[in-house]
Amino acid sequence: MTRTRLLTLTPFVILALLVWLVSVPVSNRPVTHNIVMTADQFAFDPPVLRVNQGDTVRLTLQAADVVHGFYLDGYGLNTRIEPGVSRQIEFTADRAGKFRYRCSVSCGSLHPFMIGELVVNPNFPFYRAVGITLITVIAVLVYLRKFPPAPV
Ligand SMILES: [Cu+2]
């Protein structure tokens, strides 16, 4: 492929990228996650929760064997889970980052290791804006290179 041909194609590639960037649904549209979380000696199931920032998390907590607790770091949530009684807690994952959840009721020898992780992915409006700006700048540079302004 010749250099000129490549230059001719570049604006189309850039346009396609722009259209893609603008049209990809923004991941920050909040959704509600209904999750059944089972506490069992000595683990939580699921062990990892992944949500996006702004999502609502509705947890139905149940204990499979003995009394457990559910404490979520960073969100200050704490509740006791009795076997046979499911308990619902709901919160908005408004803080991005990784947060541990742990059992807050001494439930046996390995109780201190009864830990799970909530991963709240941040929204990226900033990186998206940087991406669109960069692509536009490159498009303008390519265009100017191809059609240099007439000397004055
Ligand atoms: Cu425990």
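## Strands and pairing

Two strands pair if DSSP finds at least two bridges between them. Helices (H or I, at least four residues) and strands (E, at least two) are themselves DSSP runs, numbered from the N terminus. The model you are looking at is predicted, so local features need pLDDT of at least 70 and side-chain atom pairs count only at pLDDT 80 or more, while totals for chains, interfaces and linings use all residues. Residues are numbered from 1 along each chain as its sequence is written.

## The five-stranded sheet

Let's start with an open sheet of five strands, which runs in the order S3-S9-S8-S5-S6 with mixed pairing. Strand S3 (48-52) and strand S6 (77-81) are at the edges; each has a single partner strand, so one side of each has no neighbour in the sheet. On average, neighbouring strands here are turned by 20 degrees against each other, direction ignored; the axes behind this angle are lines fitted to C-alpha atoms, for helices over the stretch in contact, and angles run from 0 to 180 degrees between N-to-C directions.

Within the sheet, S8 and S9 pair antiparallel over six bridges, and Lys98 stands opposite Val119 in S9. Strand S8 (residues 97-102) also pairs with S5, again in the antiparallel sense, over two bridges. Here Tyr71 has Arg102 as its bridge partner in S8, and Leu72 has Tyr101.

## The nonpolar core

A nonpolar core is a set of buried Ala, Val, Leu, Ile, Met, Phe, Trp, Tyr and Cys residues joined through C-beta atoms within 7 Å. A residue is buried if 20 or more other C-beta atoms lie within 10 Å of its own, exposed if 12 or fewer, and partly exposed in between, with C-beta atoms placed from the backbone. The largest core has 18 residues, and Ala39, Leu61 and Phe70 touch the most other members. Two or more residues come from each of S1, strand S4 (56-63), strand S5 (68-72) and strand S9 (115-121), with S4 giving the largest share, four residues.

Beyond its neighbours within four places in sequence, Phe70 is in contact (C-beta atoms, placed from the backbone, within 7 Å) with Ala39, Leu61, Thr79, Ile81, Tyr101 and Ser104.

## Two exposed valines

Val31 sits in the loop between helix H1 (3-23) and strand S1 (32-40). Val31 counts as exposed because it has 11 C-beta neighbours inside 10 Å. Its C-alpha atom is 8.5 Å from that of Val57, 26 residues apart along the chain.

Val36 belongs to strand S1 and is exposed because it has 12 C-beta neighbours inside 10 Å. Val36 and Arg58, 22 residues apart in sequence, are 8.5 Å apart from C-alpha to C-alpha.

Note on methods: Two residues are in contact if their C-beta atoms, placed from the backbone, lie within 7 Å.
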